[in-house]
Structure formats: C-alpha cells, structure tokens
Amino acid sequence: MVCRINELLVDSHWSVVIIGAGQAGLSAAHYLWRDGLVPGRDFIILDAGDGPGGAWRERWDSLTLGTTNHISDLPGFPLGRPNPNVPASRVVSDYYDQFERELELCVVRPADVSSVTSEERGAGILHITTDIDGQRVRLSTDFLINATGTWTQPYVPFVPGIGDFEGRQLHTVNFRDVEDFRGLRTLVVGGGISATQFLLQLAEVTDTVWATRRPPNFTTREFDGQWGLEVERAVRERTLSGLAPASVVRTTGLPIRREFREGVDSGVLVSRGMFDRILPHGVHFPGTTESPPPTTSDGLGPSANDVLAVPESWAPFATARVEEIDVIFWNTGFRAALKHLAPLHLRTPEGGIAMDTEVAVRDDPRLFLVGYGSASSTLGATRAGRIAARELLKRMSGRQRSPRSSRPEAGAEPSPEPTGNTAES
Ligand code: FAD
C-alpha cells in the first residue's frame, strides 16, 4: 500500500493516477473506490497542497460559507450546515479531510506534478514526474484523471508599463487581510464577484478605484439550478469546440445583492472603465465618451436586458487622466492549471483542449479532465468526477484488472441540483 513517498512509489506503475485532491479529484476517487478499486493499491492521488482542502485551503479568512455562492456535497458525504461565519478554508479543509479518512484515500502530498509525457501520441503508458517533499519521483499510469483546478494559474493581463509600477501588485490568490491595505489607495481590477466583495471590504479601510473592461455585469436573475445548468451548457459548447473556457463572471453575471446595491449607491462599486498604461505611481485612463461595449457577443452571460441592470455602476472617466495609486489588486481570474500536460500537445490553435464529452479528451483516451470548463464549480466538479470514473472503468474493463466486488453505496447518488449547504448570510 502506497500512501506516501517510499520505495514502492518510485518508478511504480498504476492503472489510474489522479492529479489533484480538490472537489473534482475526490469525487473521481470516490467512484473508483465505490467500484472496488483500492486507493494506494489500484490507484493513487497526487496533490500539490500541504494538506486537504484543494484550492479552498488557500482562501482568505473573510471568505466564509455565508459569503460564497454554494458548496456542493462530495458524493455520499453531506457537508451539513456548518457555521456560515467560519472561514470556508477551514470548513472545506476539515470536510475534505474527513472524506479522505473515511475512504482511506491516502493522498500523496505535497506532490507537485511537473510533467506528463508519453512516447506515443494518445496511446501507451503515461509517464509522470512529480516533486514530493523536494525529491523528484517518476511513475507511470495507464489512465490519468487530471483534477488540478485553476487556483495555481492566476491570470494578470498585460498592460504597458506593468513592470514599472513601484507600488504593490497582488492577485486574488495573494489576498490575506484587508488591514494590509489600510491607508493605501487601491486600484481593484476585474468585474467578478471577488473584485466586488473586496471593494466593499477595502472601502472600510482605504480609498479605492474600480477598473473593468466592460460594464459591471449585474443581473436581476436569481442564481438558481436552472441558470446554473444554462451557464454550464454555454461553457461546455465552447470547450467541446476546443475553445478555452470563458470567465465565470462573463458567463454568470453578478447577482444584485443588497450590499452590492448599496455599494453602487455609495460610489464604491462604480467602474471607471479600463486604464491603458501603468506608471510608476499610478495608472492612466484614456477617457471615453463612447457607449459601453456589449458584454455578450456569443450567447454567453446574462441576456442583453440584464447587462446594464445597474447602469449607475458604469461611469468611465470621460477625459484622459492619471490616478495616483499605491496598490494594484488584480482580480482578473484564472486559467486551467494544465502546464504539466503541455508535453502531450493537447492544445488546439484556439487555445483550448478538444473534448469529446465534458471530461473525455478527444485525442487521448487515457486522459480525463475533471473540473475543467463547465465543470469548474463544486457541483460541476462532483459530476465530472463521477462521469470520468465511470467512463474510465468502462475503458478499463476487460483489460488488466483483477476481479473485484463493488462496494455498497456510501451515500445517495448526488442529484443534478445542489443538495449541500447553501450559503446563508
Ligand atoms: P481545486 O480545488 O483547485 O483543486 C485542485 C487541486 O489540484 C489542488 O489541491 C491543487 O493543489 C492540486 N494541483 C494543482 N496543480 C497540481 C499539480 N501540477 N500537481 C499536483 N497537484 C496539483 N465554486 C462553488 O461551487 N461555490 C463557490 O462558492 C465558489 N466560490 C469560489 C470563490 C473563489 C474566490 C474562487 C476562485 C472559486 C470559487 N469557486 C466556487 C470555484 C471553486 O474553486 C471550485 O468549485 C472548486 O474549488 C474546484 O475544485 P477542483 O477540484 O476542480 O479544483
């Protein structure tokens, strides 16, 4: 049984390797486990984190279940109704930890996978190189479930002068405490829910400026199951055609919560458009009197009627000006964390990966992507783990596996609608 780095792991060969122990990887592991595969014997999970929790482990303390959208249950293991005021990082890390223990998943960590290679394109075995506790380890597998999320690939757009800025720059992933900003004039960049929530927190300790490329995408539509499914369908259509997944906010829009409405009224949640140059101590806004660019041009996102649901939230500077800034806080999203798969040459010219289904990679039957594109919420990640495990087991059957007996159901099959804790605020 291999649960940590030892001589059994080095140069070992596996039927299945899962990379990533977030919601997607744990869900896939559950369905392999339920089919009778033994963790540490039939499959192994490699995770770069220092402990359980996936990306949730890394999130800031003011993000609680009372301020998140919704965290779905892991399969057969209800989250229940944790205290909405406790940091989500703690709640989810504890929850995943219990799940890992219950299934004896013995996740190998911290195990950062640096590359996956193959001698043949789309066939043969996959070779994995990973750094475990500073030691380089190579292993191989017949099938790979990749569940590496996006958190480790923060995205910052290039803006001329970005290297000249003499103040502090940080991304969502670096945020820890609003007190770090006290008295520092902060430019918050990005139109997502993180940006809007941070702006409201920062306004209590400092002066802020909000920059977005498009009008804030407030929508009157309630975030319900049906909308969730429509959003997923729109993103899935993109990924199936080999395009890179779209940003979440572009796809879902921002709910008009009471505190957001108040933020617009107080002037905190009013975007001044997008700057075009970064200077050593500030940014340059070009000024515009043009009407706002359309938010949706490809069927994604809220309907055109919803786009300017709060028109007062969009007030770009009319004339060119420089804003003095101490901190640039990029809330500009993420990309899929797939660098380690680059040697497999899966990227299409359009920048995505051509998929046959939500989880199956078109050009490589050994490989599944879970938590990718339309499956990047906890709900989608759970579903993707299930679909990938089932498809993988089908592909495996009749091959090298010894007879096994399925385990009894560890819990109810997850429903297509959210079933777990709902954010309470
Ligand atoms: P992750 O949780 O990111 O797990 C990926 C794991 O893979 C990590 O443990 C990571 O260490 C590991 N990994 C990455 N690269 C490697 C590598 N090369 N080698 C080995 N291991 C690796 N979703 C919701 O459903 N509800 C919400 O309320 C919600 N709020 C969010 C708030 C924020 C600020 C953000 C950024 C996202 C939010 N999401 C929310 C999306 C949420 O992140 C996903 O739901 C969920 O975490 C994705 O799970 P995952 O398993 O795909 O990825």
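User: Which residues does S313 touch, not counting residues up to four places away in sequence?

Analyst: S313 touches P216, F218, V264, L269, V270 and S271 when residues up to four places away in sequence are left out, where contact means heavy atoms within 4.5 Å. Please keep in mind that this is a predicted model, in which local features need pLDDT of at least 70 and side-chain atom pairs count only at pLDDT 80 or more, while totals for chains, interfaces and linings use all residues. Residues are numbered from 1 along each chain as its sequence is written, and side-chain values use heavy atoms, with hydrogens and water left out.

User: Where does S313 lie, and is S313 buried or exposed?

Analyst: S313 lies in the loop between α7 (304-307) and β13 (321-324); helices (H or I, at least four residues) and strands (E, at least two) are DSSP runs, numbered from the N terminus. Its relative accessibility is 0%, so S313 counts as buried, where buried means under 20% relative accessible area, exposed over 50% and partly exposed in between, with a 1.4 Å probe and protein chains only.

User: How many helices and strands does the protein chain come to?

Analyst: The protein chain comes to 8 helices and 15 strands, and 52% of its 425 residues count as buried.

User: Which residues touch the most other members of the largest nonpolar core?

Analyst: They are V16, I18, L32, F43, L105 and I145, in a core of 67 residues; a nonpolar core is a set of buried Ala, Val, Leu, Ile, Met, Phe, Trp, Tyr and Cys residues joined through side-chain atoms within 4.5 Å. Because domain 1 (5-152 + 334-396) and domain 2 (162-330) both give residues to this core, it lies between them, with the domain bounds coming from an automatic or database domain assignment. Apart from it lies another core, of 26 residues, and V116, L139, L341 and L344 are among them.

User: And what is L105 in contact with, leaving aside its neighbours within four places in sequence?

Analyst: L105 is in contact with L26, A29, P39, F43, I45, F99 and E100 once those neighbours are set aside.

User: Changing topic, in which order do the 4 strands of the open sheet stand?

Analyst: The order is β6-β14-β7-β8, and the pairing is parallel; two strands pair if DSSP finds at least two bridges between them. At the edges stand β6 (168-171) and β8 (208-211), each with a single partner strand, so one side of each is left without a neighbour in the sheet. From one strand to the next, the twist averages 20°, and helix α3 (residues 193-202) packs on the sheet, where it touches β7 (186-189), β8 and β14 and makes about 165° with the direction of β8. For such angles, axes are lines fitted to C-alpha atoms, for helices over the stretch in contact, and the angles run from 0 to 180 degrees between N-to-C directions.

User: How many bridges join β6 to β14?

Analyst: β6 and strand β14 (residues 327-330) are joined by 4 bridges and run parallel, with Q169 standing opposite I328 in β14. V327 also has its place in β14; C-alpha to C-alpha, V327 and T186 are 4.7 Å apart in space although 141 residues apart in sequence.

User: What about β1, which strands do bridges join it to?

Analyst: Strand β1 (residues 13-19) has 6 of its 7 residues buried, so it is largely enclosed by the rest of the structure. It is joined by 6 bridges to strand β5 (residues 135-146), running parallel, and H13 has S140 as its bridge partner in β5. With strand β2 (residues 43-46), β1 pairs in the parallel sense over 4 bridges, and V17 has I44 as its bridge partner there. The chain passes from β1 through helix α1 (residues 23-34) to β2 in a right-handed β-α-β crossover, meaning that, with the strands pointing away from the viewer, the path from the first strand over the helix to the second runs clockwise.

User: Last one, which peptide bond is cis?

Analyst: The bond from R109 to P110 is cis, with omega near -10°, and P110 is found in the loop between α2 (88-102) and β3 (111-120). In that loop, E104 has a place as well, with phi near 50°, a positive value in a residue other than glycine. Most residues other than glycine have a negative phi, and most peptide bonds are trans.
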